[in-house]
Amino acid sequence: CGQMKKAQEVFTSLPIRNVVTWNVLIAGYIRHGCNDEAICSMRKMQEEGIPPNAITFTYILKACGALANIAMGEEIHIEVCKRGLLKKNIILSTSLVDMYAKCGALNKAREIFDDIPAPNIVAWSALIGGYAQHCFGDEAFDCFARMKAAGMSPDVVTFISLLKACADIGSLQTGETLHVEISNLRLLEKEHVLGTTLVNMYAKCGALGKAQEVFDELPVQDVATWNALIDGYAEHAQSEEALNCFKKMQ
């Protein structure tokens, strides 16, 4: 519920704390963006003589990715390898891919990914997302092609990353193809962030009419969606339209 201060108070008052209790607290901190506190909690847990398990490491790798703390991530990587956890835990392997990708260590992310015997859609999306985040659009689409060849269907996270890659490299045609696939799956009706990313892609590619069309059809338009449209108009020197959007937004 986001009441982390209260959660910490209850946690501190417990006579016995085990790895499950610590994991619940760490997960709460991460869910609510308190990544430093999550890492600090794991350190305290170790000081109390309770060794982290695979679930703990999965949470902490997520925190490392959010903070771009590759040094801590590498420390976790060494520990999980020592324990032989990667061979039997695809969630942990995927978390490592995601951490390295978010930190920009894309070769390392790819190396971990290639060692996963049967990567699932989450693992593929983590790698594709890393390439897209760091403006390696061609590599993102190469992974996407390999993913589809492996019989995997993209999810919302995959589409968001690919649309970002389209925006970065100005690939309008590919973006339109993705839009058709998204529409066929009826994802825009329930995935607001995807709608905003689609508006941004069209706007960045200069297809402002299409960006406006997608924007108008979205069931919800928040400040991020408006900003994507306004930025598109401003970036392509259509100042009057940008100002009109700003007025409508207010």
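**Entry 1: a term I needed.** Before looking at any helix pair, I wrote down the handedness rule: a crossing is left-handed if the near helix is turned anticlockwise from the far one by less than a right angle, and right-handed if clockwise. With that in hand, I noted that α4 passes α5 in a left-handed crossing. I also reminded myself that this is a predicted model.

**Entry 2: the whole protein.** I then stepped back for the overall picture. I counted 15 helices and 0 strands in the secondary structure. The C-alpha trace spans about 60 × 45 × 30 Å along its principal axes. Of the 250 residues in the protein, 44% are buried.

**Entry 3: α4 and α5.** Back to the pair I began with. A packed helix pair is described by the angle between the two axes and the distance between them, so I looked up both. The axes of α4 and α5 cross at roughly 155° and come within 9 Å. Angles over 145 degrees count as roughly antiparallel, and α4 and α5 are therefore roughly antiparallel to each other.

Which residues meet here? From α4 I listed F57, I60, L61 and C64, and they meet M72, G73, I76, E79 and V80 in α5. By class, the contact of α4 with α5 divides into 7 nonpolar residues, 1 polar and 1 charged.

I also checked the loop between α4 (54–67) and α5 (70–82), where A68 is found. Phi of A68 is near 55°, a positive value in a residue other than glycine.

**Entry 4: α10 and α11.** Next I took α10 with helix α11 (residues 172–184): they pack at an angle of about 155°, with their axes 9 Å apart. That makes α10 roughly antiparallel to α11. I noted a left-handed crossing where α10 passes α11. The contact is made by F159, L162, L163 and C166 on the α10 side, and by T174, G175, L178, E181 and I182 on the α11 side. Sorted by class, the residues of the contact of α10 with α11 are 6 nonpolar, 2 polar and 1 charged.

Entry 5: I followed the chain into the loop between α11 and α12, where R186 lies. Phi of R186 is near 55°, again a positive value in a residue other than glycine. Is R186 buried or exposed? At 52% relative accessibility, R186 counts as exposed, since the cut-off for exposed is over 50%.

**Entry 6: α10 and α12.** How are helix α10 (residues 156–169) and helix α12 (residues 192–204) packed? I found an angle of about 15° for this pair, with the axes 8 Å apart. α10 and α12 are therefore roughly parallel to each other. α10 passes α12 in a left-handed crossing. On α10 the contact uses V156, F159, I160, L163, K164, C166 and A167, and on α12 it uses V193, L194, T197, L198, N200, M201 and K204. I wrote down the classes for the contact of α10 with α12 as 10 nonpolar, 2 polar and 2 charged residues.

With a relative accessible area of 13%, T197 is buried, because buried means under 20%. Leaving out residues up to four places away in sequence, T197 touches I160, L163 and K164.

**Entry 7: A132.** My last stop was A132, which lies in helix α8 (residues 121–133). A132 counts as buried, at 1% relative accessibility. What does A132 touch, not counting residues up to four places away in sequence? I found A140, S161, K164, A165 and D168. I then looked up the spacing of A132 and A165: they are 33 residues apart in sequence, and 5.0 Å apart in space from C-alpha to C-alpha.

Key: Residues numbered from 1 in each chain as written. Predicted model: local features only at pLDDT ≥ 70, side-chain atom pairs only at ≥ 80, totals over all residues. Heavy atoms only, no water. Axes fitted to C-alpha atoms, helices over the stretch in contact; angles between N-to-C directions. Helix = DSSP H or I, 4+ residues; strand = E, 2+ residues; numbered from the N terminus. Parallel < 35°, antiparallel > 145°, perpendicular 65-115°, else oblique. Contact = heavy atoms within 4.5 Å. Nonpolar A, V, L, I, M, F, W, Y, C, P; charged D, E, K, R; others polar. Buried < 20%, exposed > 50% of the residue type's maximum accessible area, 1.4 Å probe, protein only.
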